[in-house]
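Biologist: I would like to learn how to read the features of a structural model, one at a time. Could you take me through the general idea first and then the case at hand?

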Amino acid sequence: MSVPAAIPADDALPGPSKARQMLLRRLADVVCLPASRVNAFERAVTGDLLVDLLRQASVEERRRVAVRLAPLAELPDSLARLLLRDEPSVAAPLIEQCASLTDVDLIGCVRDAGIEHRLLIAERRGLSEVVTEALLSFGEEAVVEAVLKNASARLAQAAIEGVVAISRQSRGLCAPLLKRPELRPSGAYVMFWWCGAEERRVILQRFAVSREVLQDSVEDLFALVAAEGWSDPVTRKALQFIERRQRNRAAIEKSPYSGLEAAVAAAAKGMTRELVGEIGYLSGVKPLTSAKIMGDMGGEPLAILCKATGLSRLDLQCLWQGLRRPEVTADGEVHPDWERVQVTYEMLAVDRAQTVLRYWNWSLSSALTPALLQAIREGDEDLIDEYSAPERAAMLALADNFGR
């Protein structure tokens, strides 16, 4: 009867051998056995032995084991933790193919590994909200874009709003963000201010919703609230958003101009700080909103203001001229910016334009989360002069734009 050879001490062990490679394969085979052949405890023990061997194995050997284990319906935790945090080439087969990985496994990898691993996870099918939130929390533009382009990934509203805030500095995210079904009007209207022309068109086509159903449902409440003297500020704020009237009638009585059209006609000769504020008041928006609209270089907000307040195409042209924006190119053709602004004016119905304008005016500020508020107000705190808080923000925003 033959006697097994004695196992030498650790310090007498030779380097990697063919026997080690065979042992790796055999242990991986045992881990892959069906439940009818090996129970959970036996699988776990085998997994622990395999982990110890893999720590000393080459990258290629570890990758082969990962490929072998990827189809498993039940993967030992110790193996999952080790291989998911390994080199991207080793972790990739599990991340891409292993259906048995849990959200805990993936989130652990997101937090402990590098951006290459996060990019691989971002492209994995069927990501849950908690995994995508972990991925987005790093603020890495490439990872965020990969998550947004993953149609099978699910995103929570808080995560979407965080991406809206990030898109202010990373504007390449705007286009994929607009394709997400989770994006809501509040986020889209905030993002509008820094989007490109094509993204703005998409926002207006998709999110400029009508308030007709709301108006019909509360039509009888206006008389009731008026009888109460508009004493409830919460009700007043909500009804101001819903009502059909956009212009501020009370402001007309105090204005040095006979109406909004007269103020616009005056602006055609040259826009001033005072006219920016006055047009805002007559239009029923705050000075800051008016300044943002007048100072926007794209020009689409100007068309939205005119359509929402019932101003004509001629009034829109007066404002365009007052802001010293070009109407024709050096070749005598219609300037593309002016053409785009006219198209924006024509494509929007009055009611839908009012919805956008009122969101901008923070009529529903209570519905905006801190992330969206911070995104839209970024930089406003730096606007300081002798005006009151809202006025100084509005006037200096406009002055800065004219300076450029």
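Modeller: What follows is a walk from the whole chain to single residues. The model is predicted, so that local features need pLDDT of at least 70 and side-chain atom pairs count only at pLDDT 80 or more, while totals for chains, interfaces and linings use all residues. Residues are numbered from 1 along each chain as its sequence is written, and side-chain values use heavy atoms, with hydrogens and water left out.

Biologist: How many helices and strands does the chain have, and what percentage of its residues count as buried?

Modeller: Helices (H or I, at least four residues) and strands (E, at least two) are DSSP runs, numbered from the N terminus, and by that reading the chain has 26 helices and 0 strands. Buried stands for under 20% relative accessible area, exposed for over 50%, and partly exposed for what lies in between (1.4 Å probe, protein chains only); of the 404 residues, 46% count as buried. The accessible surface, from the Shrake-Rupley method with a 1.4 Å probe and, for residues, only the protein chains shown as cover, comes to about 20,600 Å², of which 54% belongs to carbon and sulfur atoms. With contact taken as heavy atoms within 4.5 Å, 65% of the contacts between residues at least 6 apart in sequence join residues at least 24 apart.

Biologist: Which residues of helix H16 are buried, and why do they lie on the same side of H16?

Modeller: An α-helix has 3.6 residues a turn, so residues three or four places apart point the same way. In H16 (residues 233-242), the buried residues are Leu239, Phe241 and Ile242. They lie on the same side of H16 because they cover an arc of only 155° around the axis, the arc being that of the directions from the helix axis to the C-beta atoms. Their packing partners are helix H14 (212-218), helix H15 (221-227) and helix H24 (350-360).

Biologist: How many aromatic pairs does the structure hold, and which parts of the chain does the pair of Phe192 and Trp360 link?

Modeller: A pair of aromatic rings is described by the distance of the centres and the angle of the planes. Rings of Phe, Tyr and Trp (its six-membered ring) pair if their centres lie within 6.5 Å, and planes under 30 degrees apart count as stacked, over 60 as edge-to-face and the rest as tilted. The structure holds 4 such pairs; in one of them, Phe192 and Trp360 are tilted, at 5.2 Å centre to centre with 50° between the planes. This pair links distant parts of the chain, 168 residues apart, since Phe192 is in the loop between helix H12 (185-191) and helix H13 (197-207), and Trp360 is in helix H24. Phe192 is buried at a relative accessible area of 0%, and Trp360 is buried at 4%. Together with Trp193, these two residues form one aromatic cluster.

Biologist: Which residue lies over the face of Trp193?

Modeller: A charge sits over a ring if NZ of Lys or CZ of Arg is within 6 Å of the ring centre and within 35 degrees of the ring normal. Lys292 lies over the face of Trp193, at 5.7 Å from the ring centre, and the charged end of Arg118 sits over the ring of Phe138, 4.0 Å from its centre.

Biologist: What is in contact with Ser283, apart from neighbours within four places in sequence?

Modeller: Ser283 lies in helix H19 (residues 273-283) and is buried, with a relative accessible area of 1%. Its contacts beyond those neighbours are Gln246, Arg247, Asn248, Leu260, Leu305 and Thr309. A polar atom of the Ser283 side chain lies 2.7 Å from the backbone oxygen of Ile279.

Biologist: Where is Trp230 found, and what is its phi?

Modeller: Most residues other than glycine have a negative phi, and most peptide bonds are trans. Trp230, in the loop between H15 and H16, has a positive phi near 50° and is partly exposed at 30% relative accessible area. Arg324, in the loop between H22 and H23, has a positive phi near 60° and is exposed at 59%.

Terms used. Polar contact = N/O pair within 3.5 Å; in protein donor to acceptor, adjacent residues only side chain to side chain.
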